[in-house]
Amino acid sequence: MSSNKPLKVGMIGGGGGAFIANPHQKAIHFDGTRKVHSVALHPDPKIAMDEAAAWPYPVKGYESYDAMIAAQKDLPKEERLDYILVVTPNFVHFDPVMKALDAGIPVVCEKPLTIDFDQAKQIVAKVKETNVPLAVAHTYLGHWSSWFSRWIVESGLLGDVRWVDSYYLQGWLASKLEDTGQTQAAWRTDPKRAGASGCGGDIGIHALQQLRFVTGLNVTKVSAHLECMVPGRPIDDHFTVYGELSNGGKCLVRASQICHGHKNDLGITIAGTKGLLRWNQEDAESVTICLPDQPDRTYWRGAISSNDGFLPEIPEWLLNEPTIPSGHVEAFHDAYARLHREFEKDVRKFNAGEAWDCDGSKYANVHDGRMGLAFIDATVASSKNNNAWTDVDLG
Ligand SMILES: NC(=O)c1ccc[n+]([C@@H]2O[C@H](COP(=O)([O-])OP(=O)(O)OC[C@H]3O[C@@H](n4cnc5c(N)ncnc54)[C@H](O)[C@@H]3O)[C@@H](O)[C@H]2O)c1
């Protein structure tokens, strides 16, 4: 029998003015069925404990993530953490994820899953060995409109996918922000802490996962340009990848951090043999479908009918998904909440000894995480080799 008690989440990272821990903890608390229970907020043990004591609601603080994970084995099963959330910079993903899996604790890890492809393969092997649920926090897959777009492609309405343009444009690193000591810019522009690709590993990977999730296709081969537009930066801030898709189609996966005026401009255009689909996360409540010689149709979350004479019959799980009526706008936090909500379902099944899914249809799983790093690995190799066509290791 599964329990209805809120799941207890242990959060690794989040102190010292961290960025993404804050939206995550909101998303965890969104439904009242999960709560942040324990925290290891900082690499410095004293700061970690001080910040835990000052946290706006009661949490159990630990001096380190090692201490948090180690403490679990001495607790009765019902008092243990139900899952761990890793929201540290990229170079502090591998170690806590491996330790949590070894301790049998499910994990939500921020993207990219690891700092390099080799570590990602080790985590895949560990998940296989331990059989513990793992999610990678590719936020934007949590939009209802991403699920709807995926279903549209699957339904065949667009025909065969011939071309995809998947992009993520930002402007916040258009000057050398890292020289001001800005924390998030500092580690993102340091290959030792971010990984071999800066812009690609940070946001190009979101564009890749949007493409993979919505089309169900892989990028099999890449010709990549990883460029640094801001002088003196040791890592790419501009990432352009021409690719081949697993169905023979072509794609562009592009990202940039030097485009003034673009904030979090993630979007996708999918051109099929029969029609086209367009979506942008800054306007994430709707999806536009264009068929030849017909007016463009825009579908909104919560405002579609099961049979409008145009769409194939829409499954119940897509129709009934709305959390609030359309017009009350959902955005980033809702997308994160949807990922935690779906992961919760798998964790509750795992806790009850039942079969769980983690199949990548609602949130990115360990295989998706590995594919992200395989893609980055291939783009780095291609770019170093005069943009030569390079195979992506599909496993
Ligand atoms: N999915 C998304 O949309 C999205 C958005 C932003 C960031 N991210 C990812 O989230 C991660 C964190 O990014 P951020 O911008 O929040 O970084 P940040 O620098 O703002 O925060 C990192 C946090 O990790 C903590 N930390 C570092 N080492 C630690 C350790 N050994 N033990 C405990 N805590 C430790 C820091 O104290 C800080 O609280 C990155 O992997 C990034 O790629 C994802």
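**Exercise 1. Helix α6**

Which residues are buried in α6? Determine them in this predicted model, and then decide how far the helix is enclosed.

*Solution.* 
Step 1. Locate the helix: α6 covers residues 144-155, twelve residues in total. From its first C-alpha to its last it reaches 16 Å, close to the 16 Å expected at 1.5 Å a residue.

Step 2. Apply the cut-off for burial, which is 20 or more other C-beta atoms within 10 Å of a residue's own. The residues of α6 that are buried are W144, S145, S146, W147, F148, S149, R150, I152 and V153.

Step 3. Draw the conclusion. Nine of the twelve residues of α6 are buried, so the helix is largely enclosed by the rest of the structure.

Step 4. Inspect the end of the helix. Just after α6, G156 adopts a positive phi of about 90°.

**Exercise 2. The overall fold**

*Solution.* 
Step 1. The protein chain contains twelve helices and 15 strands. Its radius of gyration is 21 Å, close to the 21 Å that the globule rule gives for 395 residues, so the chain is as compact as a globular protein of that length.

Step 2. Along the principal axes, the C-alpha atoms fill a box of roughly 65 × 55 × 40 Å. Of the 395 residues, 48% count as buried.

Step 3. Turn to contacts between residues at least 6 apart in sequence: 69% of these in the protein chain join residues at least 24 apart.

**Exercise 3. A parallel pair**

In which sense do β1 and β2 pair, and over how many bridges?

*Solution.* 
Step 1. Strand β1 (residues 7-12) pairs with β2 in the parallel sense, over six bridges. The bridge partner of L7 is R34 in β2.

Step 2. Five of the seven residues of β2 (residues 34-40) are buried, so this strand is largely enclosed by the rest of the structure.

**Exercise 4. The shell around the ligand**

Characterise the residues around the ligand.

*Solution.* 
Step 1. There are 27 residues around the ligand, and those that come nearest are G13, A18, F19, I20 and E110.

Step 2. By residue class, the shell divides into 14 nonpolar, ten polar and three charged residues.

Step 3. By element, helix α7 (residues 183-188) supplies the largest share of the shell, three residues.

**Exercise 5. Backbone features in loops**

*Solution.* 
Step 1. K111 and P112 are joined by a cis peptide bond with an omega of about -15°. P112 belongs to the loop between β5 (107-109) and α5 (117-130).

Step 2. C358 is not a glycine, yet its phi is positive, at about 50°. The loop that holds C358 runs between α11 (332-351) and α12 (366-384).

Step 3. N386, also not a glycine, has a positive phi of about 55°. N386 lies in the loop between α12 and β15 (390-391).

Step 4. Buried or exposed? C358 is buried, with 23 other C-beta atoms within 10 Å, whereas N386 is exposed, with 8 other C-beta atoms within 10 Å.

**Exercise 6. A contact across the sequence**

Which residues does C259 touch, not counting residues up to four places away in sequence?

*Solution.* 
Step 1. C259 is placed in the loop between β10 (250-256) and β11 (265-272). With 19 other C-beta atoms within 10 Å, C259 is partly exposed.

Step 2. The residues that C259 touches are L169, Q170 and G171. C259 and Q170 are 89 residues apart in sequence, but their C-alpha atoms are 5.6 Å apart in space.

How values were computed. Residues are numbered from 1 along each chain as its sequence is written. This is a predicted model: local features need pLDDT of at least 70, side-chain atom pairs count only at pLDDT 80 or more; totals for chains, interfaces and linings use all residues. Helices (H or I, at least four residues) and strands (E, at least two) are DSSP runs, numbered from the N terminus. The radius of gyration is taken over C-alpha atoms; the globule rule is 2.2 Å times the number of residues to the power 0.38. Two residues are in contact if their C-beta atoms, placed from the backbone, lie within 7 Å. The expected span of a helix is 1.5 Å times one less than its number of residues. A residue is near a molecule or strand if its C-beta atom, placed from the backbone, lies within 6 Å of it. Ala, Val, Leu, Ile, Met, Phe, Trp, Tyr, Cys and Pro count as nonpolar, Asp, Glu, Lys and Arg as charged, and the others, Gly among them, as polar. Two strands pair if DSSP finds at least two bridges between them.
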